[in-house]
Amino acid sequence: MDLTNPPCSGLRIGDVAPDFSARSTAGNVRLSDFRGRWLILFSHPADFTPVCTTEFVELAKMASDFADRDCALMALSVDSLFSHFAWLRMIRDRFGVEVRFPIIEDPTLVIGRAYGMVAADAHDSGTVRTTFFIDPDGVVRAMTCYPANVGRSTPEMLRMLDALQATNDEPALAPANWQVGEPLLQQPIATLDDVYGADGDSDWFLRTIKETK
């Protein structure tokens, strides 16, 4: 995809995540280099802001939990690489945690626009707090969008990842508030004979399967 003049219609679940190469706090990164594992790409309004700082502290603390699930983290904002460096130094010195996952600089908004994070005529990303869950094939499997004044739930990010992985290899469904170890749901039966033959009035569409490991 050409990121020099990208569309701003945004991505949808099932789309292939646009590839890009950019400078980051972990060196130059290319999105396609993460193929073969899960990736969570998320944007934040700006460095040295209160809500974003709390998010990065929590994500740094939970980074090993994502790594245990073979999932990489990658952040993005319009701030310069050196602003990122200074902010991460402050986080380490004040909170005692090191943010080691890459933070991309996107001063021209070209990546943010390609992902529909910002409007085509926007001059800053002050309202951006979007998260993309990308599978090992590079396909967007889930998205969340929070306003600038509300921080993400890092446990929900991890729960979303768990649910996507648990339902990835079989036709299963994750119910509300599902957690690892709880039963998944089966896909509904699709024939009228099975509907009429089900033992209970809801057994044809609301059935659990074996507990996850």
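This is a predicted model: local features need pLDDT of at least 70, side-chain atom pairs count only at pLDDT 80 or more; totals for chains, interfaces and linings use all residues.
Which residue is the bridge partner of F42 in strand 6? In strand 6, F42 is bridged to T131. Good morning, colleagues. I shall begin with the chain as a whole and then return to F42.

The protein chain holds six helices and 10 strands. Of its 213 residues, 42% are buried.

Strand 3 runs over residues 38–43, and six of its six residues are buried. W38, I40 and F42 point one way from the strand, while L39, L41 and S43 point the other way. Strand 3 pairs with two strands that I wish to mention. With strand 4, residues 71–77, the pairing is parallel and extends over six bridges; there the bridge partner of F42 is A75. With strand 6, residues 130–134, the pairing is antiparallel and extends over four bridges.

Next, helix 1. This helix covers residues 50–61, and its 12 residues should span 16 Å at 1.5 Å a residue; the end C-alpha atoms lie 17 Å apart, which agrees. Its buried residues are C52, T53, E55, F56, V57, L59 and A60. What covers them? The cover includes strand 3, strand 4 and strand 5, together with helix 2, helix 3 and helix 5.

These elements bring us to the interior. In soluble globular proteins, nonpolar side chains tend to be buried together. Here the largest nonpolar core has 26 residues, and the members that touch the most others are I40, F42, F56, F66, I91, V99 and F101. Strand 3, helix 1, strand 4, helix 3 and helix 5 each give two or more residues to this core. Helix 1 provides the largest share, five residues. Apart from this core lies another, of 20 residues, among them A17, V29, I104 and F132.

What does F42 itself touch? Leaving aside residues up to four places away in sequence, F42 touches F56, L59, L73, M74, A75, L76, F101, T130, T131 and R152. The list includes both bridge partners already named, A75 and T131.

In the pair of F42 and F56, the ring centres are 5.7 Å apart and the planes meet at 55°, so the pair is tilted. An angle over 60 degrees would be needed for edge-to-face, and one under 30 for stacked.

Is E182 buried, exposed or partly exposed? E182 is partly exposed, because its relative accessible area is 35%, and the buried class requires a value under 20%. E182 sits in the loop between strand 8, residues 172–173, and strand 9, residues 183–186. Its C-alpha atom is separated by 9.6 Å from that of T208, which is 26 residues away along the chain.

How values were computed. Residues are numbered from 1 along each chain as its sequence is written. Side-chain values use heavy atoms; hydrogens and water are left out. Buried means under 20% relative accessible area, exposed over 50%, partly exposed in between (1.4 Å probe, protein chains only). The expected span of a helix is 1.5 Å times one less than its number of residues. Contact means heavy atoms within 4.5 Å. Two strands pair if DSSP finds at least two bridges between them. A nonpolar core is a set of buried Ala, Val, Leu, Ile, Met, Phe, Trp, Tyr and Cys residues joined through side-chain atoms within 4.5 Å. Rings of Phe, Tyr and Trp (its six-membered ring) pair if their centres lie within 6.5 Å; planes under 30 degrees apart count as stacked, over 60 as edge-to-face and the rest as tilted.
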